[in-house]
Amino acid sequence: MKSARSSTAASKTRRARPPRIALALAGGGPLGAIYEIGALCALEDCLTGVNFNRLDHYIGVSAGGFIAAGLANGLSPRRLSDLFIDNQGHDEQFDPAWLLKPAWGEFGRRLQRLPGLLVSSLWSWGMRDQSFTHAMERLGAILPTGVLDNESMHRHIEQLFSAEGRSNDFRQLRAHLTLVATELDTGEAAPFGRPGWDHVPISRAIQASAALPGLFSPVEIDGKHYVDGALKKTLHATQALDEGVDLLLCLNPLVPFQASPGRFGGNRIPSLVEGGLPAVMSQTFRSMIHSRLALGFKHYERDYPNTDIVLIEPDQRDAEMFFANTFSYRQRREMAEHAYQQTRQLLRLRLATLGTTLADHGIGIDLHVLNDRQRHLLPPLKPRRQRPASAAIDRLHATLDELQQRLPAGQPQVTA
């Protein structure tokens with residue numbers, strides 16, 4: 001967590017009017033959303049003088065777009081926790097398992113092109129004297145652009161934001177909401193919610209912003225195709241900084257893991273290579289986006305000296321965050337609670353510097369809440385009466401979750 005200090009003149013100007021506060025949320029898949037909800041709940045509990053549903057501007061990228069849109073629609077961090085994590089007995093739920101449906105429609109459309117592409121490839125090889133390898137490259141067009149279907153994301157969010165008091169229309173929101181995707185054909189950022197981009201439904205913009213290439217198919221909007229907004233930048237914070245906000249709060253859930261013997265214990269070798277390709281790819285992806293984020297913050301501090309910027313992210317030594325299995329329901333609860341407690345710990349560690357920065361904007365830190373060791377995000381799960389088959393399935397899930405936790409760090413995990 002860090003801040004860029006503003007000038008004395010700017011601070012005096014701020015005190016003459018209410019501070020303008022923006023929130024920027026980076027992506028990170030289901031794990032990123034879980035971390036951001038837990039962290040926001042901790043900030044909501046521990047900070048006074050700030051309402052996370054009454055900020056001036058919300059910026060969301062990828063998974064952070066769903067959280068940002070929910071806050072702009074009046075859903076409190078606690079309510080988002082109910083919907084996304086602790087969805088017990090609620091009519092409104094958002095289940096990450098919806099994102100695991102194969103993209104059968106995309107597979108079918110690509111297979112329909114196989115006969116024509118095969119004939120064209122053989123013709124080029126036999127009649128145009130092209131090499132066999134070069135001719136067969138045409139067959140690459142039958143590969144699907146995404147293996148999972150994210151259309152259900154749009155449908156469920158559309159339904160969620162259609163409830164009374166909410167809106168799926170950027171133009172009807174009280175605050176500014178910007179959801180950033182990347183236009184596939186140009187590589188340029190698409191700031192949905194800004195003038196000229198605000199006619200697109202919020203749910204469709206979230207779908208586009210979270211369309212990770214290879215995993216989800218590009219989302220077609222107005223004849224153009226869009227993919228994950230993180231391809232261009234990690235936060236896209238300039239969308240708010242250019243408006244001259246006084247305080248920018250940033251949450252970034254993905255950081256590279258710093259392995260060390262002390263974190264693993266015993267004589268185990270603290271090497272991510274033991275986790276195979278998933279661990280190596282995760283570390284590579286995290287390192288790339290985090291180094292880009294660091295460069296971006298240097299730019300922000302230089303070009304926006306009158307804005308205080310606070311960055312909140314996990315500890316890079318946090319093995320639980322790195323090796324989490326976000327599609328296990330029980331672990332979603334554990335990781336949200338973990339993010340909640342780790343954010344409170346971060347506030348305690350940076351209390352002196354952060355307290356001064358926030359005080360300039362009328363925000364205080366509730367020390368009683370901050371130091372309450374008995375405070376938790378989620379209550380314990382209540383036992384429910386179950387049919388024998390349901391109880392047996394739950395026992396199986398519990399056994400798999402326990403086995404996963406007992407596996408050595410870095411080993412492949414069991415997914416319930």
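Mentor: A search of the whole structure finds eight aromatic pairs. Rings of Phe, Tyr and Trp (its six-membered ring) pair if their centres lie within 6.5 Å. Planes under 30 degrees apart count as stacked, over 60 as edge-to-face, and the rest as tilted.

Take F192 and Y226. Their pair is edge-to-face, with 5.3 Å centre to centre and 70° between the planes. F192 lies in strand β6 (residues 189-192) and Y226 in strand β9 (residues 224-228), so the pair ties together parts that are 34 residues apart in sequence. Helices (H or I, at least four residues) and strands (E, at least two) are DSSP runs, numbered from the N terminus. Both F192 and Y226 are buried. Buried means under 20% relative accessible area, exposed over 50%, and partly exposed in between (1.4 Å probe, protein chains only). Ring pairs also link F192, W197 and Y226 into a cluster.

Now F257 and F322. This pair is stacked: 5.3 Å centre to centre, 20° between the planes. F257 sits in the loop between β10 (247-251) and α11 (261-264), and F322 in helix α13 (residues 319-322), so the pair joins parts 65 residues apart in sequence. F257 is buried, at 5% relative accessible area. F322 counts as buried too, at 8%.

A word on the source. This is a predicted model, where local features need pLDDT of at least 70 and side-chain atom pairs count only at pLDDT 80 or more, while totals for chains, interfaces and linings use all residues. Residues are numbered from 1 along each chain as its sequence is written, and side-chain values use heavy atoms, with hydrogens and water left out.

Step back to the whole chain. The protein chain has 17 helices and 12 strands. Of its 416 residues, 47% count as buried. Contact means heavy atoms within 4.5 Å. Among contacts in the chain with a separation of 6 or more, 76% come from residues 24 or more positions apart.

Next, the helices. Helix α2 (residues 29-46) has 18 residues and reaches 26 Å from its first C-alpha to its last, close to the 26 Å expected at 1.5 Å a residue. That expected span is 1.5 Å times one less than the number of residues. In α2, 16 of the 18 residues are buried, so the helix is largely enclosed by the rest of the structure.

Helix α3 (residues 63-72) and helix α4 (residues 77-84) pack at about 130°, with their axes 10 Å apart. Axes are lines fitted to C-alpha atoms, for helices over the stretch in contact, and angles run from 0 to 180 degrees between N-to-C directions. α3 and α4 are therefore oblique to each other. Angles under 35 degrees count as roughly parallel, over 145 as roughly antiparallel, 65 to 115 as roughly perpendicular, and the rest as oblique.

Look at helix α8 (residues 151-160) as well. Its buried residues are S152, M153, H154, I157 and L160. The cover over them includes α3, α4 and α9 (202-209).

Finish with two loop residues. D222 lies in the loop between β8 (219-221) and β9. Its phi is near 55°, a positive value in a residue other than glycine. D222 is exposed, at 59% relative accessible area. H236 is found in the loop between β9 and α10 (238-241). H236 has a positive phi of about 55°, although it is not a glycine. H236 is buried, at 3% relative accessible area.
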